[in-house]
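I opened a new notebook page for this chain.

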Amino acid sequence: MCVKCDYTIHRASHHFGWNRDFEPVLTAKPGSTIHFECLDSSGGQFNASSTVEHVKTMDFGKVNPVTGPVYVEGAMPGDALKITLRHFEPSGLGWTANIPGFGLLADQFEEPALHIWKYDAASMTPALYGPGGRVPLKPFAGTIGVAPAEPGLHSVVPPRRVGGNLDIRDLAAGTTLYLPVEVEGALFSIGDTHAAQGDGEVCGTAIESRMDVEASIELVKDARLQSPRFTTPGPVTRHLDAAGYEATTGIGPDLMTAARESVMRMVDLLAAEHGLKPVDAYMLCSVCGDLRISEIVDMPNWVVSFYFPRIVFN
C-alpha cells in the first residue's frame, strides 16, 4: 500500500475499451498521486500452472482491462494530463504467448505457444528463459490513456492519439507522459503492465504481468497536444547494453516487409546458435529485442534492424 498516495483504485474497478460516457470510479484534483491496482493483459486468465491449452480457450472479451477511469477536476479539451510514473510493484509472475492470428509473423507461427515466467519481485533479477537465457526486467505500463472525443465504445487494442495501448517500453518508473485531453475530466485509465518488452513487441505479447502502479496526475492547461509525448529521466537501455548486441537486417522498399525480414533472420539465428525452437526464439525476441529503423532516406530501399541483447545468453 502506498502511504504517500492520495487515493487507491482496486483492480476490480476496471473497464474494457474507451468510452467518453464511462462513469469515473474516482474524481481527483490535479497534483494527486494515485495507487492503481492493475490486472495483466489477459484479465487474470493465466496463472503459474497454465498450459498452452489455456491459450486456445482464452476469452478475448476480457483482454486488456485498464484500471479507472479517473475524472481529473478542471481538465478540458485542449488541455494535457501530465502523468508521472513513480513506482511499480510487480507480482513476480508473468506470461508470454504466441496467439494464432496475432503478431508480426502470424503467418509463420500459426500454432499457440505459452511461456510462464517466475521472477523475484523484490530484486527484479533477470528472469530465466530456456537453457541459459536470462532476460533483464524493466516494468512499465503498456496501456495508458484517456477517453477519445468520439462517442461510443472504442477497442482498447489499437493505440490512439489520446494514448491507449502504446506498448512503449520506456513508460517506466521516472518517466513523465503527456496525454492530450479530448473530453471533460479526461477519464484517465492505466493497465496492461509488463515486466519486460522489446521495442516492437513482435510476437504480440511481452512478459505480461500483474502489477500495481503509483502515478501522479497534473494538469497542463491549453497544451494543444496532437499526440502523446514523454520525457525519460535518463538512459533507457542500460539494463540491456552491457554485453552488446547481435543484429539482423531487412532491406527493401517496404518498411513492414523489412521489419518482418529482420525478425525472421534473428529467429533463425537464435534457433541455430542456442538450440531454441523457432517459436520460442520468436517469443524471446518479443520480450527483449528491439526493432529499429536504421535508414529511411536512401530511396528506393530502407533498412530495418533487429537488435538482440547478448547479455541474455552471457
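**Entry 1: salt bridges**

I counted salt bridges first: the structure holds 15. My rule was a side-chain nitrogen of Lys or Arg within 4 Å of a carboxyl oxygen of Asp or Glu. The model is predicted, so local features need pLDDT of at least 70 and side-chain atom pairs count only at pLDDT 80 or more, while totals for chains, interfaces and linings use all residues. Residues are numbered from 1 along each chain as its sequence is written, and side-chain values use heavy atoms, with hydrogens and water left out.

I looked up Lys 29 next. Its partner in a salt bridge is Glu 73, with the closest N and O atoms 3.2 Å apart. Lys 29 sits in the loop between strand E3 (26–28) and E4, and Glu 73 in the loop between strand E5 (66–72) and strand E6 (80–90), so the pair ties together parts 44 residues apart in sequence. Strand and helix labels are DSSP runs numbered from the N terminus: helices (H or I) have at least four residues, strands (E) at least two. Glu 73 counts as partly exposed, at 32% relative accessibility. For these classes I took buried as under 20% relative accessible area, exposed as over 50%, and partly exposed as in between (1.4 Å probe, protein chains only).

Then I checked Lys 221 and Asp 79. Their side chains meet in a salt bridge at 2.7 Å, N to O. Lys 221 is in the loop between strand E16 (211–220) and strand E17 (229–231), and Asp 79 is in the loop between E5 and E6, so this pair ties together parts 142 residues apart in sequence. Lys 221 is partly exposed at 49% relative accessibility. Asp 79 is buried at 5%.

Lys 56 and Glu 53 were next. They form a salt bridge of 3.0 Å, N to O. Both lie in helix H1, three residues apart, which means about one helical turn separates them. An α-helix has 3.6 residues a turn, so residues three or four places apart point the same way. Lys 56 counts as exposed, with 53% relative accessibility. Glu 53 counts as partly exposed, with 44%.

I also noted a network of salt bridges. It links Lys 138, Arg 169, Asp 170, Asp 199 and Asp 290.

**Entry 2: the two domains**

How is the chain divided? I found domain 1 (7–231) and domain 2 (245–313). The bounds come from an automatic or database domain assignment. The contact takes 34 residues from domain 1 and 25 residues from domain 2. Contact here means heavy atoms within 4.5 Å. The C-alpha centres of the two domains lie 25 Å apart.

The domains bury about 2200 Å² between them, with 68% of it on carbon and sulfur atoms. Buried area is the accessible area (1.4 Å probe) that two parts lose on being put together, summed over both.

I counted two salt bridges between domain 1 and domain 2. I also looked up the pair Asp 107 and Arg 260, a salt bridge whose closest N and O atoms are 3.0 Å apart. On the domain 1 side that touches domain 2, strand E7 (93–98), strand E8 (113–118) and strand E10 (133–135) each supply at least two residues. E8 gives the most to that side, with four residues.

I picked His 115, which is in strand E8. At 18% relative accessibility, His 115 counts as buried. Beyond its neighbours within four places in sequence, His 115 is in contact with Gly 94, Trp 95, Thr 96, Leu 128, Tyr 129 and Met 283.

I then looked at helix H4 (residues 278–288). Nine of its eleven residues are buried, so H4 is largely enclosed by the rest of the structure. Met 283 is one of the buried residues in H4.

Is Leu 39 buried or exposed? Leu 39 counts as buried, at 14% relative accessibility. Leu 39 and Asp 192 are 153 residues apart in sequence, yet 6.8 Å apart in space, C-alpha to C-alpha. Leaving aside neighbours within four places in sequence, Leu 39 has contacts including Arg 11, His 14, Asp 192 and Arg 210.
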